[in-house]
Amino acid sequence: MNYETVREVDPEAADALAAEVERQQDTLALIASENHVSEAVLEAQSSVLTNKYAEGYPGSRYYGGCEHADTVEQLAIDRARELWGAEYVNVQPHSGSQANMAVYLAMLEPGEKILSLDLTHGGHLSHGHPANFAGQVYEVENYEVDPEGGRLDFEAIRDHAGEFDPDMIVSGFSAYPREVDWEAFQAIADDVDAYHLSDIAHITGLVAAGVHDSPVGVADFVTGSTHKTIRSGRGGIIMADEEYGDDIDKAIIPGTQGGPLMHNVAGKAVGFEEALQPEFEAYAEQTVANAKALGAHLEKHGFSLVSGGTDNHLVLVDLRDSHPEVTGKEAEEALEEVGIVLNANTVPGETRSPFVASGIRVGTPAITTRGFDEDDAETVGHCIAEIIDNIGDDDVKGEVAEIVQELCEANPIYEDESEVLVS
């Protein structure tokens with residue numbers, strides 16, 4: 001076989017990959033679920049482990065030749081245990097959603113009940129939305145945040161749980177800007193004799209670094225993504241007490257997946273090793289500090305923040321008070337034109353379609369990876385405010401685009417682009 005480069009085999013794909021490197025270098029990624037991994041993680045994810053089938057688990061595979069795959073997966077497991085203090089860890093889920101699917105499959109029968117946060121209030125599709133497998137297989141009801149303050153109302157959740165009598169309560173969210181009281185959720189789950197699943201997909205890194213309280217050892221199950229604030233190989237993770245390990249292992253394989261993506265598991269192992277280094281805690285602290293600074297600057301410009309601020313890596317902006325004529329989608333598109341990439345997002349009490357939305361979600365993990373500090377975050381907040389305050393003004397767009405370009409050039413993602421470009 002002739003082992004050729006991507007460009008030799010497929011110039012069109014090579015062009016697209018090269019253009020994506022340039023796009024990432026020349027824009028600010030403010031999507032709260034995105035980050036930039038290191039060259040080391042990229043190298044691991046593009047390794048020859050992509051060639052290896054390794055169905056099963058370390059020391060117990062369905063195929064031969066898995067001794068090195070075993071080493072890599074065990075490294076990822078051991079490092080995850082150290083990072084989060086979990087007894088049992090499964091690093092094979094292809095995504096956070098599939099991690100949730102495996103827990104549901106392991107612990108619930110079809111038709112049993114799940115209580116989770118409403119999607120428009122900051123929940124996630126895989127927590128039981130009707131369009132998702134969870135909403136189609138299980139009976140799901142949703143709790144909401146307080147419409148006035150934008151925070152979780154535990155008395156209301158307790159009352160709802162008492163009436164609904166769920167078999168599982170889901171905590172952990174995709175657009176909730178405040179620290180979560182896991183103990184309060186666990187107390188409610190105990191009251192109604194329900195399992196408690198905590199989905200920390202967005203805050204895996206913040207929890208690992210100790211800048212957000214941990215649900216590990218509190219909730220029965222903790223799931224997450226491994227490519228957001230933890231900044232490792234793309235995929236999912238499940239953590240639990242050892243007593244649930246066998247059931248979850250079976251729910252992953254043969255229950256929901258076949259062979260694990262061993263190259264992604266390698267990326268997880270390398271990313272977890274990076275997260276174990278002292279500088280990762282500083283990164284997580286800076287991520288939160290940047291979110292607070294960015295949010296505070298937007299507030300100074302008259303923007304309304306859901307819950308009045310943030311305790312984590314994201315701010316959720318409700319445009320209805322300050323800019324009722326501007327939809328979240330319009331804001332997203334206008335900002336992308338000047339190199340600021342974020343997403344329209346629903347807000348509590350949403351009246352528009354989720355595809356249009358009345359808010360925007362702004363996250364700081366990726367710009368913090370680039371080296372941004374609070375002053376830079378305030379500059380980003382200024383740019384966002386200028387664009388939304390002056391939708392359609394070409395002069396303002398030109399001025400902001402120049403600022404964004406200066407920020408990108410001063411804080412490159414990869415110092416040597418040749419290390420990440422396809423040849």
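**Exercises on a predicted model**

The axes of helix α7 (residues 154–164) and helix α8 (residues 182–191) come within 10 Å of each other and cross at roughly 20 degrees. The structure used in these exercises is a predicted model.

**Exercise 1.** Decide how α7 and α8 are oriented relative to each other, and describe the residues through which they meet.

*Solution.* Begin with the crossing angle, which is roughly 20 degrees. Angles under 35 degrees count as roughly parallel, and α7 and α8 are therefore roughly parallel to each other. Next, take the handedness: α7 passes α8 in a right-handed crossing. Then look at the contact itself, where Phe 154, Ile 157, Arg 158 and Ala 161 in α7 meet Ala 184, Phe 185, Ala 187, Ile 188 and Asp 191 in α8. Sorted by class, this contact of α7 with α8 holds seven nonpolar residues, two charged residues and no polar ones.

**Exercise 2.** Locate His 36 and determine whether His 36 is buried or exposed.

*Solution.* Start by finding His 36 in the loop between β1 (28–29) and α3 (39–45). The relative accessible area of His 36 is 6%, and buried means under 20%, so His 36 is buried. Finally, list its contacts: leaving aside residues up to four places away in sequence, His 36 touches Gln 24, Ala 29, Arg 231, Ala 366, Thr 369, Arg 370, Ile 413 and Tyr 414.

**Exercise 3.** Compare the span of helix α12 (residues 278–300) with the span expected at 1.5 Å a residue.

*Solution.* Helix α12 has 23 residues, for which the expected span is 33 Å. From its first C-alpha to its last, α12 reaches 34 Å, which is close to that expectation.

Notes: Residues are numbered from 1 along each chain as its sequence is written. This is a predicted model: local features need pLDDT of at least 70, side-chain atom pairs count only at pLDDT 80 or more; totals for chains, interfaces and linings use all residues. Side-chain values use heavy atoms; hydrogens and water are left out. Axes are lines fitted to C-alpha atoms, for helices over the stretch in contact, and angles run from 0 to 180 degrees between N-to-C directions. Helices (H or I, at least four residues) and strands (E, at least two) are DSSP runs, numbered from the N terminus. Angles under 35 degrees count as roughly parallel, over 145 as roughly antiparallel, 65 to 115 as roughly perpendicular and the rest as oblique. A crossing is left-handed if the near helix is turned anticlockwise from the far one by less than a right angle, and right-handed if clockwise. Contact means heavy atoms within 4.5 Å. Ala, Val, Leu, Ile, Met, Phe, Trp, Tyr, Cys and Pro count as nonpolar, Asp, Glu, Lys and Arg as charged, and the others, Gly among them, as polar. Buried means under 20% relative accessible area, exposed over 50%, partly exposed in between (1.4 Å probe, protein chains only). The expected span of a helix is 1.5 Å times one less than its number of residues.
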